[in-house]
Amino acid sequence: MSVQALLNDLACANVRLSLTADTGLEATGDRAALDCWLPVIRARKDELRAQLAATTPSPLTGTERADLREAIEERAAILEFDGHLSRAQAETAATRAMRVYRYRLSDRPTDWLILLAPGCDLEEAWRVLALRFGSERVIEVVCNPGTC
């Protein structure tokens with residue numbers, strides 16, 4: 001089985017793999033699924049680490065950064081109007097709340113897509129994407145550096 005096929009099978013079993021800061025591998029998810037898959041993960045950890053490292057998202061493009069800025073400005077305008085905040089307060093609150101997550105789906109494993117999720121943590125971002133696309137299609141979700 002290829003490493004990508006293994007990652008897809010893990011995603012279908014609701015097992016999530018991610019690289020840790022010390023280039024280790026962390027597996028999270030359903031306890032029963034983890035117990036079943038951990039021997040395979042341990043046996044192929046070097047391949048899995050290499051695949052995950054090779055597929056880290058590239059930095060946001062200028063267009064993506066402009067789109068993010070526009071989303072923050074829109075959220076700030078809503079906070080300013082509905083929350084009766086000054087523009088500066090609204091922009092600060094909108095910027096602090098904005099979270100940008102990068103994710104990959106099984107049918108587009110090499111493409112990193114973007115989820116804007118104000119106020120969401122990583123687990124909630126996983127749940128949102130699983131509900132939107134189906135948990136079997138979500139391969140990986142990571143926080144975009146500097147936004148979480």
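Analyst: Packing is judged here by contact, which means heavy atoms within 4.5 Å. With that in mind, the part to look at is helix H6, which covers residues 122–133 of a predicted model. Across the chain the mean pLDDT is 89, and 99% of the residues score at least 70; confidence is highest in H6, at a mean of 96, whereas strand S1 (residues 15–19) has the lowest, at 80.

H6 is built from 12 residues, and the distance from its first C-alpha to its last is 16 Å, close to the 16 Å expected at 1.5 Å a residue. Within this helix, Ala125, Trp126 and Leu129 are buried, that is, each has under 20% relative accessible area. These residues lie on the same side of H6, because the arc they cover around the axis is only 100°. As for what they meet there, the buried residues of H6 pack against S1, the strand with the lowest confidence in the chain, and also against strand S3 (100–105), strand S4 (108–116) and strand S5 (138–143).

The two ends of the helix deserve a look as well. At the start of H6, aspartate 121 places a side-chain oxygen within 3.3 Å of the backbone nitrogen of glutamate 123. At the other end, the residue that follows H6 is glycine 134, which has a positive phi, near 95°.

How values were computed: Residues are numbered from 1 along each chain as its sequence is written. Side-chain values use heavy atoms; hydrogens and water are left out. pLDDT is the predictor's confidence in each residue, from 0 to 100. Helices (H or I, at least four residues) and strands (E, at least two) are DSSP runs, numbered from the N terminus. The expected span of a helix is 1.5 Å times one less than its number of residues. Buried means under 20% relative accessible area, exposed over 50%, partly exposed in between (1.4 Å probe, protein chains only). The arc is that of the directions from the helix axis to the C-beta atoms. A polar contact is a pair of N or O atoms within 3.5 Å; within protein, one must be able to donate a hydrogen and the other to accept it, and residues adjacent in sequence count only if both atoms are side-chain atoms.
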